[in-house]
Amino acid sequence: VLHFGVDSDVILTHVPDTGLLLNSTMAIQFNDASQFINAPSATVLDINATDEIELNATLVDVNANLDVSGTYTGAGLMTTGGNIVIPNAIGISSGGVVSIGATTANTSATDGALTVAGGLGVVADVSIGDDLRLISDAAVLGFGADTDVTLTHVADTGVLLNAAMVVQFRDSAINIGSPADGDLDINADDEI
């Protein structure tokens, strides 16, 4: 045991086959009192600096949750094995590329546009403030759990409703559809 100070307020103890133990909430200071490492409680370790803490290594392995109160800035690729949850009223702003699964989305921070180059799987609702553009000449909108109804863009012609599906108005009795190739039905239970 090494004691420091008139009243031995700082104590450094050798722990066999382990290392050195600094007592209580005492700190190891660097340069001045504002830059230090200490344990304010039995379960918390603080690394403090007035400006920057720099870690230099080829890999930093963090086995814990991250609670970041400031701005995250990264110069490299960010990869996650789980989900990214974005709270309500928070958006993604990028002047580069956002990758979602196998999908690459080119985003522009200046006009708020999000261009998706491939398929984008979404399990919840999506709200879009203004325009939605499908930029492929054969873009398909699929409806239903098994995509039984589709609307396909036919370049320079219009949109194609698949097979014998119908467009309904008010209820299922009022609809327009094509039950067979060459036939167009306009149905109403009262008047056309």
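Me: Where is Asp 189 found?

Reply: Asp 189 is found in the segment that follows strand S15 (185-187). Strands are DSSP runs of E with at least two residues, helices are runs of H or I with at least four residues, and both are numbered from the N terminus. The structure is a predicted model, in which local features need pLDDT of at least 70 and side-chain atom pairs count only at pLDDT 80 or more, while totals for chains, interfaces and linings use all residues. Residues are numbered from 1 along each chain as its sequence is written, and side-chain values use heavy atoms, with hydrogens and water left out.

Me: Why is Asp 189 called exposed?

Reply: The relative accessibility of Asp 189 is 57%. Buried means under 20% relative accessible area, exposed means over 50%, and partly exposed lies in between (1.4 Å probe, protein chains only). Asp 189 therefore counts as exposed.

Me: Which residues is Asp 189 in contact with, leaving aside its neighbours within four places in sequence?

Reply: With those neighbours set aside, Asp 189 is in contact with Ala 173 and Ile 174. Contact means heavy atoms within 4.5 Å. The C-alpha atoms of Asp 189 and Ser 172 are separated by 9.7 Å, and these two residues are 17 residues apart along the chain.

Me: What makes the group of Asp 171, Asp 189, Asp 190 and Glu 191 a patch of negative charge?

Reply: These four residues gather on the surface. A patch is made of residues with over 30% relative accessible area and no salt bridge; like charges are joined within 9 Å, and nonpolar side chains (Val, Leu, Ile, Met, Phe, Trp, Tyr) within 5 Å. A salt bridge is a side-chain nitrogen of Lys or Arg within 4 Å of a carboxyl oxygen of Asp or Glu. Asp and Glu count as negative, Lys and Arg as positive, and His and the chain ends are not counted. The place of a charge is NZ of Lys, CZ of Arg, CG of Asp or CD of Glu.

Me: Why is Asp 171 called partly exposed?

Reply: Asp 171, which lies in strand S14 (residues 171-177), has a relative accessible area of 37%, so Asp 171 is partly exposed.

Me: Which residues make the nonpolar surface patch of about 1,100 Å²?

Reply: Among them are Ile 28, Phe 30, Ile 37 and Leu 45. Accessible areas come from the Shrake-Rupley method with a 1.4 Å probe, and for residues only the protein chains shown count as cover. Strand S4 (27-30) and strand S6 (44-48) each supply at least two residues of the nonpolar patch.

Me: What is the phi of Thr 147?

Reply: Thr 147 has a positive phi of about 50° although it is not a glycine. Most residues other than glycine have a negative phi. Thr 147 lies in the loop between strand S10 (140-143) and strand S11 (149-154), and with 41% relative accessibility it counts as partly exposed.

Me: Why does Asp 156 count as exposed?

Reply: Its relative accessibility is 83%, so Asp 156 counts as exposed. Asp 156 is in the loop between S11 and strand S12 (158-161), and its phi, near 60°, is also positive in a residue other than glycine.

Me: How many helices and strands are in the protein?

Reply: The protein has zero helices and 15 strands. Buried residues make up 7% of its 192 residues.
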